[in-house]
Amino acid sequence: MSAADWLPEGNCADAEPDVMFPEPREPVEDALKLCASCPVRTPCLVRALEARDRHGIWGATAPRERRAMIEAWKDINPLAVGA
Ligand code: SF4
């Protein structure tokens, strides 16, 4: 299933890009609130880990939170995009 299938169902579908892609050191709380009740949070986080996406809020995680997760994901799923 590609992001095109589930991303329109996400709580952030109508959010301003600045909310979901804050600059470094900008607050992320508004984005994380949207993610908290999002029905597609799991595929969203998986997409970010597989793509090793280090920008923006995905699956209720900020880039700094995903760094270690991405490293672990590479060991679990070495065939992920960018491997
Ligand atoms: S989990 Fe967060 S970033 Fe992902 S689609 Fe839902 S609201 Fe958007």
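Visitor: Why is Cys35 called buried?

Guide: This is a predicted model, in which local features need pLDDT of at least 70 and side-chain atom pairs count only at pLDDT 80 or more, while totals for chains, interfaces and linings use all residues. Residues are numbered from 1 along each chain as its sequence is written, and side-chain values use heavy atoms, with hydrogens and water left out. Buried means under 20% relative accessible area, exposed over 50%, and partly exposed in between, with a 1.4 Å probe and protein chains only. Cys35 has a relative accessible area of 7%, so Cys35 is buried.

Visitor: What makes Asp53 and Arg47 a salt bridge?

Guide: The term requires a side-chain nitrogen of Lys or Arg within 4 Å of a carboxyl oxygen of Asp or Glu. The closest N and O atoms of Asp53 and Arg47 are 2.5 Å apart, so the pair qualifies. Asp53 is buried at 15% relative accessible area, whereas Arg47 is partly exposed at 22%.

Visitor: How many salt bridges does a search of the whole structure find?

Guide: The search finds 3. Another one joins Arg54 and Glu71, with the closest N and O atoms 3.5 Å apart. That pair links distant parts of the chain, 17 residues apart: Arg54 is in the loop between α4 and α5, and Glu71 is in helix α5. Helices here are DSSP runs of H or I with at least four residues, numbered from the N terminus. Lys74 and Glu71 also form a salt bridge, at 3.0 Å from N to O. Salt bridges with shared partners join Arg54, Glu71 and Lys74 into one network.

Visitor: Why are Lys74 and Glu71 about one helical turn apart?

Guide: They are 3 residues apart in helix α5, so the separation is about one helical turn.

Visitor: Why is Glu16 called exposed?

Guide: Glu16 has 56% relative accessibility, which is over 50%, so Glu16 counts as exposed. Glu16 lies in the loop between α1 and α2.

Technical notes
Helices (H or I, at least four residues) and strands (E, at least two) are DSSP runs, numbered from the N terminus.
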